Amino acid sequence: MARAIDIAIPDQSGKRAVVTGASDGIGFVIATRLAAAGAEVIMPVRNPAKGADAADRIRGLVPGAKVATRALDLSSLESVATLVDQLVGEGRPIDILVNNAGVMTPPSRRATKDGFELQFGTNHLGHFALTLGLLPLLRQGRARVTHQTSVAARRGAINWDDLNWERSYNVNKAYSQSKIAVGLFARELDQRSAVAGWGITSNLSHPGVSPTNLLAAQPGMGRRKDTASVRLIRVLSRLGLAGTVDTAALPALLAATGPDSRGSEFYGPKGRGDISGAPARRELWPPLRSMDDARTLWEASERLVGVRYPA
């Protein structure tokens with residue numbers, strides 16, 4: 001049996017946190033832990049019934065928890081804009097934003113409602129539009145923004161000549177690209193904030209490997225049964241050779257709340273192979289190091305979503 005791994009979450013009373021992908025898995029754990037630390041947690045969800053059930057479960061686990069759901073489909077820029085308008089209209093500063101939601105390796109190439117390759121469009125462009133749409137609230141809250149990348153970003157590259165993989169689609173390379181993009185965006189956001197004095201701290205985390213639903217059956221994404229990979233991960237997790245959903249949430253929680261966590265830093269499990277272990281500051285993987293790539297990606301993302309954000 002694996003030894004217990006946990007971290008202390010500082011008091012978050014009076015803070016407003018937004019956590020994407022919080023209706024199950026790692027995001028649910030992040031939202032629960034933030035609520036238990038006193039934060040008001042907003043859970044933007046694609047499935048309203050699933051989101052309401054998750055919020056009820058958090059209230060059951062954390063008496064007095066302040067949690068609420070909002071509608072969000074990250075594969076639709078219209079949905080992102082609607083949520084942005086709603087939160088900006090509420091006028092409440094945001095202190096913590098955890099961009100955790102994601103999709104992984106559909107059986108065949110699929111596109112978002114706006115025509116982007118599904119993984120790139122959801123994992124990166126949806127969060128890009130959401131984060132920068134919420135920029136006024138993040139600046140008011142002097143927020144810490146944590147972006148969840150993946151071990152898939154250890155290698156690979158941005159397919160600059162075909163960002164949407166319209167010519168030679170490779171599902172795994174496309175997923176890797178989407179998670180490299182998440183990390184590069186995190187670093188460029190932090191640099192632009194530092195230069196312009198926005199007061200936002202942006203960093204990145206990865207959960208290692210754990211038995212989440214990313215590779216499980218998802219009929220809505222064309223996956224009718226669990227993949228062999230997720231079945232193997234479940235076994236490894238039970239044997240203590242991979243993380244659990246609870247431990248996989250800790251790097252993002254450390255990045256988002258740690259008193260010593262800083263901008264542009266990278267947090268993940270410190271065990272062998274980046275798979276599991278206690279969360280700690282980690283060295284950036286090679287695909288995440290180039291600030292030239294980070295700037296180029298920001299500019300390309302602006303063109304794709306059709307909005308130009310402050311330099």
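The model is a predicted one.

**Stop 1: helix α3**

Select residues 77-90. This is α3, a helix of 14 residues. From first C-alpha to last it reaches 20 Å, close to the 20 Å expected at 1.5 Å a residue.

Now colour Leu77, Ser79, Val80, Leu83, Val84 and Leu87. These are the buried residues of α3. Look down the helix axis: they fall within an arc of 155 degrees, so they line one face of the helix. An α-helix has 3.6 residues a turn, so residues three or four places apart point the same way.

Turn to the face away from the buried side. Glu78, Asp85 and Gly89 are exposed there.

What lies over the buried residues? Show β1 (16-19), β2 (40-45) and β3 (66-71), which are among the elements covering them.

**Stop 2: α6 against α10**

Keep α10 on screen and select residues 171-196, which form α6. At what angle do α6 and α10 pack? The angle is about 95 degrees, and the axes are 8 Å apart. That makes α6 roughly perpendicular to α10.

Show the side chains at the contact. From α6, pick Ala181, Leu184, Phe185, Arg187, Glu188, Leu189, Gln191 and Arg192. From α10, pick Met291, Asp293, Ala294, Arg295, Leu297 and Trp298. Colour these contact residues by type: 8 are nonpolar, 1 is polar and 5 are charged.

Technical notes: Residues numbered from 1 in each chain as written. Predicted model: local features only at pLDDT ≥ 70, side-chain atom pairs only at ≥ 80, totals over all residues. Heavy atoms only, no water. Helix = DSSP H or I, 4+ residues; strand = E, 2+ residues; numbered from the N terminus. Expected span 1.5 Å × (residues − 1). Buried < 20%, exposed > 50% of the residue type's maximum accessible area, 1.4 Å probe, protein only. Arc of directions from axis to C-beta. Contact = heavy atoms within 4.5 Å. Axes fitted to C-alpha atoms, helices over the stretch in contact; angles between N-to-C directions. Parallel < 35°, antiparallel > 145°, perpendicular 65-115°, else oblique. Nonpolar A, V, L, I, M, F, W, Y, C, P; charged D, E, K, R; others polar.
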